[in-house]
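Please consult the sequence and the structure shown below alongside the text.

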Amino acid sequence: MIAMLFKLAGGVGLFVLGMILLTDGLKSFAGQSLQKALIRFTGTPFKAFGSGAIVTVMVQSSSATTVTVIGFVSAGLLTFAQAVGVVLGASFGTTGTGWIVSVLGLKVSVGFYALPLVGIGAFIKLLAHGRWKSLGMALAGFGLIFVGIESLQDGMRGISGMFNLAQLPSIGIWGHLLAMVIGAVMTVVMQSSSAAVATALTALHTGTVNFDQAASIVIGAAVGTTVTGALAAIGASIPAKRTALAHVLFNLATGLIAILLLPILLWVIELMQVHLGLEPGAVSLAAFHTFFIAMGVAIFLPFVNSFSRFIEGLLPDKGPVLTRHLDDSLLHAPMVALEATRRVLVKVAMILITGISSAILNRPYSLDKSLALSREALEKTQHFFSRIPSVSEEQPMSRARISQMHAIDHLMRLTTHFYPPDRIRKVMSAEALQPAVRLSRDIMDLALSGLRGEENRDWSGQIEQKARALAELRRKERPAVLDQTVHGQQDPTAALDLLDAMRWLDRVCYHVWRICNYLGRENEGDNNGHAIPDQEHSL
(Lines give C-alpha, C1' and ligand atoms only; values in the text may rest on other atoms or scores of the structure.)
Protein backbone atom coordinates (compact mmCIF):
# COMPACT_ATOMS: atom_id res chain seq x y z
CA MET A 1 0.00 0.00 0.00
CA ILE A 2 2.75 2.43 0.99
CA ALA A 3 4.86 1.55 -2.06
CA MET A 4 1.83 2.07 -4.30
CA LEU A 5 1.05 5.47 -2.77
CA PHE A 6 4.70 6.51 -3.02
CA LYS A 7 4.80 5.60 -6.72
CA LEU A 8 1.51 7.39 -7.33
CA ALA A 9 2.58 10.58 -5.55
CA GLY A 10 6.06 10.43 -7.09
CA GLY A 11 4.62 9.88 -10.57
CA VAL A 12 2.36 12.93 -10.28
CA GLY A 13 5.22 14.97 -8.83
CA LEU A 14 7.65 13.99 -11.59
CA PHE A 15 5.02 14.72 -14.25
CA VAL A 16 4.26 18.20 -12.84
CA LEU A 17 7.96 18.94 -12.31
CA GLY A 18 8.69 17.89 -15.88
CA MET A 19 5.94 20.18 -17.17
CA ILE A 20 7.36 23.10 -15.16
CA LEU A 21 10.92 22.52 -16.39
CA LEU A 22 9.76 22.08 -19.99
CA THR A 23 7.66 25.25 -19.86
CA ASP A 24 10.30 27.42 -18.17
CA GLY A 25 13.07 26.05 -20.34
CA LEU A 26 11.26 26.63 -23.63
CA LYS A 27 10.17 30.12 -22.57
CA SER A 28 13.74 31.08 -21.69
CA PHE A 29 15.24 29.42 -24.77
CA ALA A 30 12.81 31.13 -27.12
CA GLY A 31 13.42 34.48 -25.44
CA GLN A 32 11.14 37.14 -26.88
CA SER A 33 10.35 35.12 -30.02
CA LEU A 34 7.24 33.43 -28.63
CA GLN A 35 6.01 36.70 -27.15
CA LYS A 36 6.54 38.59 -30.40
CA ALA A 37 4.80 35.82 -32.35
CA LEU A 38 1.90 35.87 -29.90
CA ILE A 39 1.46 39.62 -30.44
CA ARG A 40 2.02 39.48 -34.20
CA PHE A 41 -0.62 36.86 -34.93
CA THR A 42 -3.46 38.13 -32.74
CA GLY A 43 -5.10 40.61 -35.11
CA THR A 44 -8.52 38.91 -35.16
CA PRO A 45 -10.20 36.64 -32.59
CA PHE A 46 -9.55 33.61 -34.83
CA LYS A 47 -5.87 34.50 -35.20
CA ALA A 48 -5.67 35.06 -31.45
CA PHE A 49 -7.23 31.63 -30.88
CA GLY A 50 -4.69 30.00 -33.21
CA SER A 51 -1.78 31.80 -31.54
CA GLY A 52 -2.91 30.75 -28.07
CA ALA A 53 -3.36 27.13 -29.12
CA ILE A 54 0.02 26.86 -30.90
CA VAL A 55 2.00 28.57 -28.12
CA THR A 56 0.31 26.40 -25.47
CA VAL A 57 1.13 23.21 -27.39
CA MET A 58 4.74 24.38 -27.70
CA VAL A 59 5.28 25.28 -24.04
CA GLN A 60 2.81 22.65 -22.74
CA SER A 61 1.23 25.06 -20.28
CA SER A 62 -1.98 27.02 -20.61
CA SER A 63 -1.07 28.84 -17.40
CA ALA A 64 2.15 30.14 -18.97
CA THR A 65 0.23 31.37 -22.01
CA THR A 66 -2.44 32.99 -19.85
CA VAL A 67 0.10 34.73 -17.61
CA THR A 68 1.90 36.06 -20.69
CA VAL A 69 -1.37 37.33 -22.14
CA ILE A 70 -2.23 39.07 -18.86
CA GLY A 71 1.11 40.88 -19.11
CA PHE A 72 0.40 41.92 -22.70
CA VAL A 73 -3.08 43.20 -21.84
CA SER A 74 -1.73 45.02 -18.78
CA ALA A 75 0.88 46.69 -20.97
CA GLY A 76 -1.71 47.62 -23.59
CA LEU A 77 -0.07 45.43 -26.26
CA LEU A 78 -3.25 43.42 -26.79
CA THR A 79 -6.90 44.35 -26.53
CA PHE A 80 -8.97 42.35 -24.09
CA ALA A 81 -10.96 40.81 -26.97
CA GLN A 82 -7.68 39.51 -28.44
CA ALA A 83 -6.69 38.20 -25.01
CA VAL A 84 -9.96 36.28 -24.73
CA GLY A 85 -9.23 34.67 -28.10
CA VAL A 86 -5.79 33.61 -26.84
CA VAL A 87 -7.33 32.22 -23.63
CA LEU A 88 -9.73 30.09 -25.68
CA GLY A 89 -6.78 28.91 -27.76
CA ALA A 90 -4.81 28.07 -24.60
CA SER A 91 -7.68 25.96 -23.28
CA PHE A 92 -7.80 24.08 -26.58
CA GLY A 93 -4.01 23.79 -26.79
CA THR A 94 -3.78 22.13 -23.40
CA THR A 95 -5.61 19.10 -24.86
CA GLY A 96 -2.35 18.34 -26.69
CA THR A 97 -0.94 16.96 -23.44
CA GLY A 98 -3.55 14.20 -23.50
CA TRP A 99 -2.48 13.13 -26.98
CA ILE A 100 1.19 13.05 -25.96
CA VAL A 101 0.38 10.89 -22.93
CA SER A 102 -2.03 8.54 -24.73
CA VAL A 103 -0.05 8.08 -27.95
CA LEU A 104 3.50 8.03 -26.58
CA GLY A 105 3.52 7.76 -22.81
CA LEU A 106 1.16 4.82 -22.36
CA LYS A 107 1.82 2.68 -25.43
CA VAL A 108 5.56 2.30 -25.04
CA SER A 109 7.71 2.18 -21.94
CA VAL A 110 9.09 5.58 -22.80
CA GLY A 111 10.10 6.28 -19.21
CA PHE A 112 13.10 3.95 -19.49
CA TYR A 113 14.26 5.48 -22.75
CA ALA A 114 13.59 9.00 -21.45
CA LEU A 115 16.09 8.62 -18.59
CA PRO A 116 19.11 9.42 -20.83
CA LEU A 117 17.23 12.51 -22.01
CA VAL A 118 17.01 13.68 -18.40
CA GLY A 119 20.75 13.13 -17.97
CA ILE A 120 21.67 14.87 -21.23
CA GLY A 121 19.43 17.80 -20.37
CA ALA A 122 20.95 18.09 -16.89
CA PHE A 123 24.51 18.11 -18.29
CA ILE A 124 23.59 20.76 -20.87
CA LYS A 125 22.06 22.84 -18.08
CA LEU A 126 25.27 22.54 -16.02
CA LEU A 127 27.89 22.93 -18.75
CA ALA A 128 26.35 25.08 -21.50
CA HIS A 129 26.15 28.85 -21.62
CA GLY A 130 23.47 31.38 -22.48
CA ARG A 131 20.24 30.13 -24.02
CA TRP A 132 21.54 26.56 -24.32
CA LYS A 133 21.24 26.16 -20.53
CA SER A 134 17.50 26.72 -20.92
CA LEU A 135 17.33 24.13 -23.71
CA GLY A 136 18.97 21.60 -21.39
CA MET A 137 16.36 22.34 -18.73
CA ALA A 138 13.57 21.84 -21.31
CA LEU A 139 15.04 18.48 -22.43
CA ALA A 140 15.31 17.28 -18.84
CA GLY A 141 11.72 18.36 -18.21
CA PHE A 142 10.49 16.52 -21.31
CA GLY A 143 12.18 13.34 -20.13
CA LEU A 144 10.79 13.70 -16.60
CA ILE A 145 7.25 13.84 -17.99
CA PHE A 146 7.56 10.27 -19.32
CA VAL A 147 9.41 9.03 -16.25
CA GLY A 148 6.53 10.41 -14.19
CA ILE A 149 3.94 8.73 -16.45
CA GLU A 150 5.64 5.35 -16.00
CA SER A 151 5.74 5.77 -12.21
CA LEU A 152 2.10 6.87 -12.32
CA GLN A 153 1.20 3.72 -14.26
CA ASP A 154 2.86 1.52 -11.64
CA GLY A 155 0.96 3.27 -8.87
CA MET A 156 -2.34 2.99 -10.72
CA ARG A 157 -1.84 -0.74 -11.30
CA GLY A 158 -1.45 -1.11 -7.56
CA ILE A 159 -4.67 0.81 -6.94
CA SER A 160 -6.58 -1.28 -9.49
CA GLY A 161 -5.42 -4.41 -7.73
CA MET A 162 -6.55 -3.22 -4.30
CA PHE A 163 -9.60 -1.08 -5.14
CA ASN A 164 -11.70 -1.53 -8.22
CA LEU A 165 -12.94 2.04 -8.71
CA ALA A 166 -14.55 0.98 -11.96
CA GLN A 167 -17.23 -0.72 -9.86
CA LEU A 168 -18.39 2.63 -8.51
CA PRO A 169 -21.51 4.01 -10.21
CA SER A 170 -20.57 5.38 -13.61
CA ILE A 171 -24.02 5.92 -15.04
CA GLY A 172 -26.69 8.34 -13.95
CA ILE A 173 -26.25 11.92 -12.91
CA TRP A 174 -24.81 11.08 -9.48
CA GLY A 175 -22.16 8.77 -10.86
CA HIS A 176 -21.02 11.37 -13.37
CA LEU A 177 -21.08 14.15 -10.77
CA LEU A 178 -18.99 12.03 -8.37
CA ALA A 179 -16.33 11.43 -11.03
CA MET A 180 -16.49 15.07 -12.03
CA VAL A 181 -15.90 16.18 -8.43
CA ILE A 182 -12.93 13.79 -8.22
CA GLY A 183 -11.44 15.38 -11.35
CA ALA A 184 -12.00 18.90 -10.03
CA VAL A 185 -10.43 18.07 -6.65
CA MET A 186 -7.44 16.43 -8.37
CA THR A 187 -6.89 19.57 -10.44
CA VAL A 188 -7.11 21.87 -7.42
CA VAL A 189 -4.72 19.69 -5.38
CA MET A 190 -2.22 19.22 -8.23
CA GLN A 191 -2.66 22.83 -9.44
CA SER A 192 -2.58 21.46 -12.99
CA SER A 193 -5.41 20.27 -15.22
CA SER A 194 -2.82 18.56 -17.44
CA ALA A 195 -1.65 16.45 -14.51
CA ALA A 196 -5.26 15.53 -13.65
CA VAL A 197 -5.95 14.55 -17.27
CA ALA A 198 -2.72 12.50 -17.39
CA THR A 199 -3.80 10.73 -14.19
CA ALA A 200 -7.23 9.96 -15.68
CA LEU A 201 -5.62 8.61 -18.86
CA THR A 202 -3.29 6.41 -16.84
CA ALA A 203 -6.13 5.19 -14.63
CA LEU A 204 -8.17 4.26 -17.71
CA HIS A 205 -5.19 2.53 -19.32
CA THR A 206 -4.58 0.37 -16.22
CA GLY A 207 -8.28 -0.44 -15.80
CA THR A 208 -8.61 1.48 -12.53
CA VAL A 209 -11.59 3.39 -13.93
CA ASN A 210 -13.89 2.79 -16.89
CA PHE A 211 -14.28 5.12 -19.86
CA ASP A 212 -17.42 6.89 -18.60
CA GLN A 213 -15.75 7.66 -15.28
CA ALA A 214 -12.56 8.85 -16.98
CA ALA A 215 -14.60 11.13 -19.26
CA SER A 216 -16.32 12.70 -16.26
CA ILE A 217 -12.97 13.10 -14.49
CA VAL A 218 -11.59 14.96 -17.51
CA ILE A 219 -14.61 17.27 -17.53
CA GLY A 220 -14.10 17.84 -13.81
CA ALA A 221 -10.46 18.73 -14.47
CA ALA A 222 -11.58 21.41 -16.92
CA VAL A 223 -13.94 22.83 -14.30
CA GLY A 224 -11.40 22.48 -11.49
CA THR A 225 -8.80 24.57 -13.28
CA THR A 226 -11.14 27.56 -12.89
CA VAL A 227 -10.51 27.47 -9.13
CA THR A 228 -6.78 27.87 -9.79
CA GLY A 229 -7.48 30.83 -12.06
CA ALA A 230 -9.82 32.45 -9.54
CA LEU A 231 -7.28 32.09 -6.73
CA ALA A 232 -4.53 33.57 -8.90
CA ALA A 233 -6.71 36.62 -9.64
CA ILE A 234 -7.20 37.56 -5.98
CA GLY A 235 -5.50 40.92 -5.44
CA ALA A 236 -4.38 41.05 -9.07
CA SER A 237 -4.76 43.87 -11.57
CA ILE A 238 -7.98 44.54 -13.51
CA PRO A 239 -6.58 42.93 -16.73
CA ALA A 240 -5.55 39.85 -14.71
CA LYS A 241 -8.99 39.60 -13.10
CA ARG A 242 -10.71 39.99 -16.47
CA THR A 243 -8.56 37.29 -18.05
CA ALA A 244 -9.10 34.94 -15.11
CA LEU A 245 -12.85 35.58 -15.23
CA ALA A 246 -12.94 34.86 -18.98
CA HIS A 247 -11.08 31.60 -18.36
CA VAL A 248 -13.38 30.67 -15.46
CA LEU A 249 -16.61 31.42 -17.35
CA PHE A 250 -15.44 29.58 -20.49
CA ASN A 251 -14.33 26.44 -18.64
CA LEU A 252 -17.39 26.41 -16.38
CA ALA A 253 -19.78 26.80 -19.30
CA THR A 254 -17.91 24.22 -21.38
CA GLY A 255 -17.84 21.75 -18.48
CA LEU A 256 -21.54 22.17 -17.75
CA ILE A 257 -22.43 21.74 -21.43
CA ALA A 258 -20.23 18.63 -21.61
CA ILE A 259 -21.94 17.12 -18.55
CA LEU A 260 -25.39 17.81 -19.95
CA LEU A 261 -24.47 16.38 -23.35
CA LEU A 262 -22.26 13.58 -22.02
CA PRO A 263 -24.40 10.72 -23.38
CA ILE A 264 -24.35 12.31 -26.84
CA LEU A 265 -20.59 12.95 -26.67
CA LEU A 266 -19.91 9.36 -25.61
CA TRP A 267 -22.12 8.14 -28.46
CA VAL A 268 -20.10 10.27 -30.92
CA ILE A 269 -16.86 8.73 -29.60
CA GLU A 270 -18.33 5.25 -30.11
CA LEU A 271 -19.24 6.16 -33.70
CA MET A 272 -15.70 7.38 -34.28
CA GLN A 273 -14.34 4.12 -32.92
CA VAL A 274 -16.57 2.08 -35.24
CA HIS A 275 -16.44 4.14 -38.43
CA LEU A 276 -13.18 6.10 -38.19
CA GLY A 277 -11.02 3.50 -36.52
CA LEU A 278 -10.45 5.54 -33.36
CA GLU A 279 -8.53 3.41 -30.91
CA PRO A 280 -10.50 2.60 -27.73
CA GLY A 281 -9.06 3.51 -24.34
CA ALA A 282 -6.71 6.39 -23.65
CA VAL A 283 -6.61 7.63 -27.26
CA SER A 284 -10.41 7.85 -27.32
CA LEU A 285 -10.33 9.74 -24.01
CA ALA A 286 -7.84 12.23 -25.48
CA ALA A 287 -10.19 12.64 -28.46
CA PHE A 288 -13.13 13.14 -26.08
CA HIS A 289 -11.19 15.85 -24.22
CA THR A 290 -10.33 17.65 -27.46
CA PHE A 291 -13.87 17.26 -28.79
CA PHE A 292 -15.74 18.85 -25.88
CA ILE A 293 -13.23 21.72 -25.52
CA ALA A 294 -13.54 22.33 -29.27
CA MET A 295 -17.32 22.39 -28.84
CA GLY A 296 -16.98 25.12 -26.21
CA VAL A 297 -14.64 27.09 -28.48
CA ALA A 298 -17.13 26.81 -31.36
CA ILE A 299 -19.81 28.30 -29.11
CA PHE A 300 -17.74 31.15 -27.62
CA LEU A 301 -15.36 32.20 -30.41
CA PRO A 302 -17.92 33.76 -32.80
CA PHE A 303 -19.14 35.96 -29.91
CA VAL A 304 -15.75 36.78 -28.40
CA ASN A 305 -16.19 40.55 -28.82
CA SER A 306 -19.55 40.56 -27.06
CA PHE A 307 -18.18 38.22 -24.39
CA SER A 308 -15.19 40.48 -23.76
CA ARG A 309 -17.42 43.60 -23.55
CA PHE A 310 -19.61 41.79 -21.01
CA ILE A 311 -16.58 41.03 -18.82
CA GLU A 312 -15.25 44.59 -19.21
CA GLY A 313 -18.64 45.82 -18.00
CA LEU A 314 -18.41 43.58 -14.94
CA LEU A 315 -14.84 44.72 -14.17
CA PRO A 316 -14.42 48.32 -15.40
CA ASP A 317 -11.05 50.06 -15.52
CA LYS A 318 -9.87 51.97 -12.47
CA GLY A 319 -7.11 54.46 -11.83
CA PRO A 320 -5.60 57.22 -13.98
CA VAL A 321 -6.21 56.82 -17.71
CA LEU A 322 -2.60 57.42 -18.74
CA THR A 323 -0.87 55.08 -16.29
CA ARG A 324 -3.46 52.35 -15.71
CA HIS A 325 -1.33 49.89 -17.73
CA LEU A 326 1.70 50.30 -15.43
CA ASP A 327 0.87 47.27 -13.36
CA ASP A 328 3.35 45.65 -10.98
CA SER A 329 2.59 42.26 -12.55
CA LEU A 330 4.61 43.41 -15.58
CA LEU A 331 7.85 43.72 -13.62
CA HIS A 332 8.55 39.99 -14.05
CA ALA A 333 8.77 40.58 -17.84
CA PRO A 334 11.14 43.56 -18.29
CA MET A 335 10.67 43.89 -22.06
CA VAL A 336 6.90 44.00 -21.69
CA ALA A 337 7.21 46.49 -18.83
CA LEU A 338 9.44 48.73 -20.96
CA GLU A 339 6.92 48.62 -23.79
CA ALA A 340 4.22 49.65 -21.30
CA THR A 341 6.27 52.66 -20.15
CA ARG A 342 7.04 53.59 -23.76
CA ARG A 343 3.35 53.66 -24.58
CA VAL A 344 2.61 55.88 -21.59
CA LEU A 345 5.39 58.25 -22.67
CA VAL A 346 3.92 58.35 -26.18
CA LYS A 347 0.51 59.33 -24.77
CA VAL A 348 2.07 62.03 -22.57
CA ALA A 349 4.03 63.34 -25.55
CA MET A 350 0.86 63.57 -27.65
CA ILE A 351 -0.95 65.52 -24.91
CA LEU A 352 1.92 67.99 -24.51
CA ILE A 353 2.44 68.41 -28.26
CA THR A 354 -1.31 68.97 -28.78
CA GLY A 355 -1.29 71.64 -26.08
CA ILE A 356 1.76 73.40 -27.51
CA SER A 357 0.32 73.23 -31.03
CA SER A 358 -2.87 74.88 -29.74
CA ALA A 359 -0.80 77.57 -28.02
CA ILE A 360 1.04 78.30 -31.29
CA LEU A 361 -2.28 78.68 -33.13
CA ASN A 362 -3.89 80.56 -30.20
CA ARG A 363 -6.63 77.95 -30.01
CA PRO A 364 -8.53 77.23 -26.76
CA TYR A 365 -7.17 74.15 -24.99
CA SER A 366 -7.32 72.92 -21.39
CA LEU A 367 -3.65 73.59 -20.72
CA ASP A 368 -3.81 73.44 -16.92
CA LYS A 369 -5.50 70.03 -16.91
CA SER A 370 -3.22 68.68 -19.64
CA LEU A 371 -0.08 69.82 -17.85
CA ALA A 372 -1.24 68.37 -14.51
CA LEU A 373 -2.12 64.99 -16.10
CA SER A 374 1.21 64.88 -17.93
CA ARG A 375 3.29 65.69 -14.86
CA GLU A 376 1.43 63.13 -12.75
CA ALA A 377 1.86 60.47 -15.45
CA LEU A 378 5.57 61.26 -15.84
CA GLU A 379 6.11 61.00 -12.10
CA LYS A 380 4.39 57.60 -11.90
CA THR A 381 6.18 56.38 -15.02
CA GLN A 382 9.57 57.36 -13.58
CA HIS A 383 8.78 55.47 -10.37
CA PHE A 384 7.64 52.38 -12.32
CA PHE A 385 10.59 52.65 -14.72
CA SER A 386 13.08 52.65 -11.84
CA ARG A 387 11.69 49.32 -10.59
CA ILE A 388 11.99 47.44 -13.89
CA PRO A 389 14.75 44.85 -13.32
CA SER A 390 17.75 45.11 -15.61
CA VAL A 391 18.95 42.13 -17.65
CA SER A 392 22.52 42.73 -18.82
CA GLU A 393 22.31 40.01 -21.49
CA GLU A 394 19.47 41.77 -23.31
CA GLN A 395 21.16 44.42 -25.48
CA PRO A 396 17.89 45.57 -27.11
CA MET A 397 16.47 46.10 -23.64
CA SER A 398 19.49 48.21 -22.65
CA ARG A 399 18.99 50.41 -25.71
CA ALA A 400 15.30 50.72 -24.90
CA ARG A 401 16.16 51.82 -21.35
CA ILE A 402 18.56 54.48 -22.55
CA SER A 403 16.10 55.75 -25.14
CA GLN A 404 13.31 56.01 -22.61
CA MET A 405 15.53 57.82 -20.11
CA HIS A 406 16.29 60.40 -22.81
CA ALA A 407 12.58 60.64 -23.65
CA ILE A 408 11.60 61.19 -20.01
CA ASP A 409 14.25 63.91 -19.70
CA HIS A 410 12.97 65.77 -22.77
CA LEU A 411 9.34 65.37 -21.71
CA MET A 412 10.13 66.85 -18.31
CA ARG A 413 11.90 69.77 -19.99
CA LEU A 414 8.95 70.21 -22.34
CA THR A 415 6.59 70.59 -19.36
CA THR A 416 8.69 73.56 -18.15
CA HIS A 417 8.26 75.27 -21.55
CA PHE A 418 4.62 74.27 -21.94
CA TYR A 419 3.24 77.76 -21.26
CA PRO A 420 4.37 80.51 -23.61
CA PRO A 421 4.38 83.85 -21.76
CA ASP A 422 1.61 86.32 -22.67
CA ARG A 423 4.04 88.63 -24.46
CA ILE A 424 5.03 85.71 -26.72
CA ARG A 425 1.39 84.90 -27.43
CA LYS A 426 0.79 88.50 -28.51
CA VAL A 427 3.50 88.44 -31.17
CA MET A 428 2.73 84.91 -32.43
CA SER A 429 0.71 86.36 -35.30
CA ALA A 430 3.45 88.85 -36.30
CA GLU A 431 4.40 88.69 -39.98
CA ALA A 432 8.11 88.32 -39.26
CA LEU A 433 7.42 85.23 -37.15
CA GLN A 434 5.24 83.36 -39.65
CA PRO A 435 8.04 81.31 -41.32
CA ALA A 436 9.04 79.99 -37.87
CA VAL A 437 5.38 79.38 -36.95
CA ARG A 438 4.78 77.39 -40.15
CA LEU A 439 7.83 75.22 -39.52
CA SER A 440 6.72 74.67 -35.92
CA ARG A 441 3.21 73.69 -37.01
CA ASP A 442 4.65 71.21 -39.52
CA ILE A 443 6.82 69.69 -36.79
CA MET A 444 3.87 69.35 -34.40
CA ASP A 445 1.62 67.81 -37.09
CA LEU A 446 4.30 65.33 -38.14
CA ALA A 447 5.01 64.42 -34.51
CA LEU A 448 1.36 63.76 -33.68
CA SER A 449 0.66 61.71 -36.80
CA GLY A 450 3.90 59.75 -36.35
CA LEU A 451 3.28 58.98 -32.69
CA ARG A 452 -0.22 57.83 -33.60
CA GLY A 453 1.35 55.43 -36.10
CA GLU A 454 -0.13 57.13 -39.16
CA GLU A 455 3.24 57.88 -40.80
CA ASN A 456 5.03 54.99 -42.52
CA ARG A 457 7.93 56.96 -43.91
CA ASP A 458 10.88 58.44 -42.02
CA TRP A 459 8.77 60.99 -40.20
CA SER A 460 11.29 61.34 -37.38
CA GLY A 461 13.97 62.24 -39.93
CA GLN A 462 11.66 64.83 -41.45
CA ILE A 463 11.08 66.35 -38.02
CA GLU A 464 14.85 66.52 -37.55
CA GLN A 465 15.27 68.38 -40.85
CA LYS A 466 12.56 70.89 -39.99
CA ALA A 467 13.86 71.36 -36.43
CA ARG A 468 17.36 72.10 -37.78
CA ALA A 469 15.84 74.46 -40.35
CA LEU A 470 13.99 76.27 -37.56
CA ALA A 471 17.18 76.61 -35.50
CA GLU A 472 19.02 77.98 -38.55
CA LEU A 473 16.17 80.41 -39.23
CA ARG A 474 16.35 81.69 -35.66
CA ARG A 475 20.10 82.23 -35.92
CA LYS A 476 19.68 84.17 -39.15
CA GLU A 477 16.73 86.26 -38.00
CA ARG A 478 18.26 87.29 -34.68
CA PRO A 479 20.91 89.68 -36.10
CA ALA A 480 18.41 90.94 -38.68
CA VAL A 481 15.87 91.87 -35.98
CA LEU A 482 18.56 93.50 -33.84
CA ASP A 483 19.78 95.46 -36.85
CA GLN A 484 16.25 96.69 -37.56
CA THR A 485 15.96 97.81 -33.95
CA VAL A 486 19.22 99.76 -34.13
CA HIS A 487 18.04 101.59 -37.27
CA GLY A 488 14.67 102.42 -35.72
CA GLN A 489 12.68 100.08 -37.92
CA GLN A 490 11.54 97.93 -34.96
CA ASP A 491 10.35 98.81 -31.49
CA PRO A 492 12.89 97.46 -28.96
CA THR A 493 10.24 95.87 -26.74
CA ALA A 494 8.48 94.25 -29.69
CA ALA A 495 11.84 93.10 -31.06
CA LEU A 496 12.76 91.39 -27.78
CA ASP A 497 9.33 89.75 -27.64
CA LEU A 498 9.80 88.53 -31.20
CA LEU A 499 13.21 87.06 -30.38
CA ASP A 500 11.80 85.37 -27.26
CA ALA A 501 9.00 83.87 -29.34
CA MET A 502 11.48 82.49 -31.87
CA ARG A 503 13.60 81.13 -29.04
CA TRP A 504 10.54 79.46 -27.44
CA LEU A 505 9.49 77.89 -30.74
CA ASP A 506 13.03 76.65 -31.36
CA ARG A 507 13.29 75.23 -27.87
CA VAL A 508 9.98 73.31 -27.81
CA CYS A 509 10.49 72.00 -31.35
CA TYR A 510 13.94 70.74 -30.42
CA HIS A 511 12.48 68.76 -27.50
CA VAL A 512 9.67 67.43 -29.70
CA TRP A 513 12.23 66.26 -32.26
CA ARG A 514 14.28 64.43 -29.61
CA ILE A 515 11.16 62.89 -28.04
CA CYS A 516 10.02 61.55 -31.41
CA ASN A 517 13.50 60.22 -32.10
CA TYR A 518 13.51 58.17 -28.90
CA LEU A 519 9.88 57.06 -28.85
CA GLY A 520 8.90 56.84 -32.49
CA ARG A 521 11.47 54.45 -33.96
CA GLU A 522 10.84 50.74 -33.88
CA ASN A 523 14.30 49.91 -32.58
CA GLU A 524 14.44 53.07 -30.46
CA GLY A 525 17.78 53.93 -32.02
CA ASP A 526 19.38 54.68 -35.36
CA ASN A 527 19.76 52.35 -38.33
CA ASN A 528 22.55 50.51 -36.57
CA GLY A 529 20.49 49.96 -33.46
CA HIS A 530 22.33 52.63 -31.41
CA ALA A 531 20.49 55.49 -29.81
CA ILE A 532 21.36 58.86 -31.36
CA PRO A 533 23.01 60.92 -28.63
CA ASP A 534 21.59 64.29 -27.65
CA GLN A 535 23.57 67.21 -28.94
CA GLU A 536 24.08 70.49 -27.14
CA HIS A 537 21.36 72.83 -28.34
CA SER A 538 22.37 76.45 -28.45
CA LEU A 539 19.57 78.55 -27.06
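This is a predicted model: local features need pLDDT of at least 70, side-chain atom pairs count only at pLDDT 80 or more; totals for chains, interfaces and linings use all residues.

## Packing of H12 and H14

Two packed helices are described by the angle between their axes and the distance between the axes. For helix H12 (residues 238-260) and helix H14 (residues 282-300), the angle is about 120° and the axes are 9 Å apart. Angles of 65 to 115 degrees would count as roughly perpendicular and those over 145 as roughly antiparallel; H12 and H14 are therefore oblique to each other. The crossing in which H12 passes H14 is right-handed.

On the H12 side, the contact involves Leu249, Phe250, Ala253, Thr254, Ile257 and Ala258. Their counterparts in H14 are Phe292, Ile293, Met295, Gly296, Val297, Ile299 and Phe300. By class, this contact of H12 with H14 comprises 11 nonpolar and 2 polar residues, with no charged residues.

## Packing of H16 and H20

Helix H16 (residues 334-360) packs against helix H20 (residues 434-451) at an angle of about 155°, and their axes are 10 Å apart. Because angles over 145 degrees count as roughly antiparallel, H16 and H20 are assigned to that class. Their crossing is left-handed.

H16 contributes Val346, Ala349, Met350, Ile353, Thr354, Ile356, Ser357 and Ile360 to the contact. From H20 come Val437, Ser440, Arg441, Met444, Ala447, Leu448 and Leu451. The residues of this contact of H16 with H20 divide into 11 nonpolar, 3 polar and 1 charged.

## The two sides of H15

In helix H15 (residues 304-314), the buried residues are Val304, Phe307, Ser308 and Ile311. These residues cover an arc of only 95° around the axis, which puts them on the same side of H15.

The face of H15 turned away from the buried side carries the exposed residues Arg309 and Gly313.

Proline 320 is located in the loop between H15 and H16. Its relative accessible area is 34%. Buried requires a value under 20% and exposed a value over 50%, so proline 320 is classed as partly exposed.

Not counting residues up to four places away in sequence, proline 320 touches Glu376 and Lys380. Leucine 373 lies 53 residues from proline 320 along the chain, and the C-alpha atoms of these two residues are separated by 8.8 Å.

Notes
Residues are numbered from 1 along each chain as its sequence is written. Side-chain values use heavy atoms; hydrogens and water are left out. Buried means under 20% relative accessible area, exposed over 50%, partly exposed in between (1.4 Å probe, protein chains only). Helices (H or I, at least four residues) and strands (E, at least two) are DSSP runs, numbered from the N terminus. The arc is that of the directions from the helix axis to the C-beta atoms. Axes are lines fitted to C-alpha atoms, for helices over the stretch in contact, and angles run from 0 to 180 degrees between N-to-C directions. Angles under 35 degrees count as roughly parallel, over 145 as roughly antiparallel, 65 to 115 as roughly perpendicular and the rest as oblique. A crossing is left-handed if the near helix is turned anticlockwise from the far one by less than a right angle, and right-handed if clockwise. Contact means heavy atoms within 4.5 Å. Ala, Val, Leu, Ile, Met, Phe, Trp, Tyr, Cys and Pro count as nonpolar, Asp, Glu, Lys and Arg as charged, and the others, Gly among them, as polar.
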